[in-house]
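Take a look at the model below. Keep it open as you read, and find each part as it is named.

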Amino acid sequence: MQLISCHDGRLLTLEATGLRSGGGAFRTGLEALDALAPGGAWACGAVHELLARPADGKPLFVAMLLARSASESGAIVWCDPHRELYPPALAAHGVPLDRLFLLRLPVADQVWAVAECLRCKGVSAVVAAVPRLTRIEARRLQLAAETGGGIGVLLRPTGKASNIYAAASRWLVSPTPGERTLQRWTVQLLHGHGGRLGQVVTLECCRETHLVRATAELVDRSSQEKTTSRTRIAS
């Protein structure tokens, strides 16, 4: 794990351990979740947004899942201006700390810094909480991701603050009641051309084993019968 900061108005040079291998998309390994995405996979060279209601907090777990899945040999850059991230928790879920870079700089400089990181071909994923974007900023981030070939994972609140976007997909993430050893979230696709808009997947993570399961209830409109698909991955 390394820190990136701002010095004399310039971003410190980011040296990744290797370049991300080619490919236009990636999968999380959770079939029920991947099935909702356009084409059954998550586009590389693109921005993906995770929305959450302000009262629910930031969808950090789903962001971690996407960043880990998109990273092969490239770096993961995580914007952490308020020092909220706990790297050992990421490591427990399989995030390689030797390729994790924490970006800590003034919030006012964050959009510029995220764009610079996205342009770097040694970066597989950039995660940042960005409440508001202008149309120019949103487009700038998308073009930067296209240039670098990695993904941007933007954590944004629901409501007017996030009305402006330029993302390949947008997802609503909501925590749901769990159990002593289980955490649960629902994930719904809000935007994504060719994806299963409006459909919901429930994610479960075991606190003891770190196993993750995705369950989707798919409704056949002709019969109104519900079916469930399940899959599991180990961190």
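The paragraphs below cover aromatic rings, strands and a helix. The model is predicted.

Start with the aromatic rings. The whole structure holds three aromatic pairs. One of them joins F26 and W42. Their rings are stacked, 6.4 Å centre to centre, with 20° between the planes. F26 lies in strand β4 and W42 in strand β5, so the pair ties together parts that are 16 residues apart in sequence. Are these residues buried or exposed? Buried means under 20% relative accessible area. F26 has 8%, so F26 counts as buried. W42 has 2%, so W42 is buried too.

W42 also pairs with W171. This pair is stacked as well, at 4.6 Å centre to centre and 25° between the planes. Here the link spans 129 residues, from strand β5 to strand β11. W171 has a relative accessible area of 0%, so W171 is buried. Together, ring pairs link F26, W42 and W171 into a cluster.

Now follow strand β11, residues 169–176. β11 runs antiparallel to strand β12, residues 182–191, and seven bridges join the two. A hairpin of five residues connects them. Look for S174: its bridge partner in β12 is T186. β12 is also joined to strand β13, residues 200–206, by seven bridges. These two strands run antiparallel. W185 has L203 in β13 as its bridge partner.

Next, find R170. Its charged end sits over the ring of Y165, 3.8 Å from the ring centre.

Finish with helix α2, residues 60–70. The helix is mostly covered, with ten of its eleven residues buried. Among them are F61, M64, L65 and R68.

How values were computed
Residues numbered from 1 in each chain as written. Predicted model: local features only at pLDDT ≥ 70, side-chain atom pairs only at ≥ 80, totals over all residues. Heavy atoms only, no water. Pairing = 2+ DSSP bridges. Helix = DSSP H or I, 4+ residues; strand = E, 2+ residues; numbered from the N terminus. Buried < 20%, exposed > 50% of the residue type's maximum accessible area, 1.4 Å probe, protein only. Phe/Tyr/Trp six-rings, centres within 6.5 Å; stacked < 30°, edge-to-face > 60°. Lys NZ or Arg CZ within 6 Å of the ring centre and 35° of its normal.
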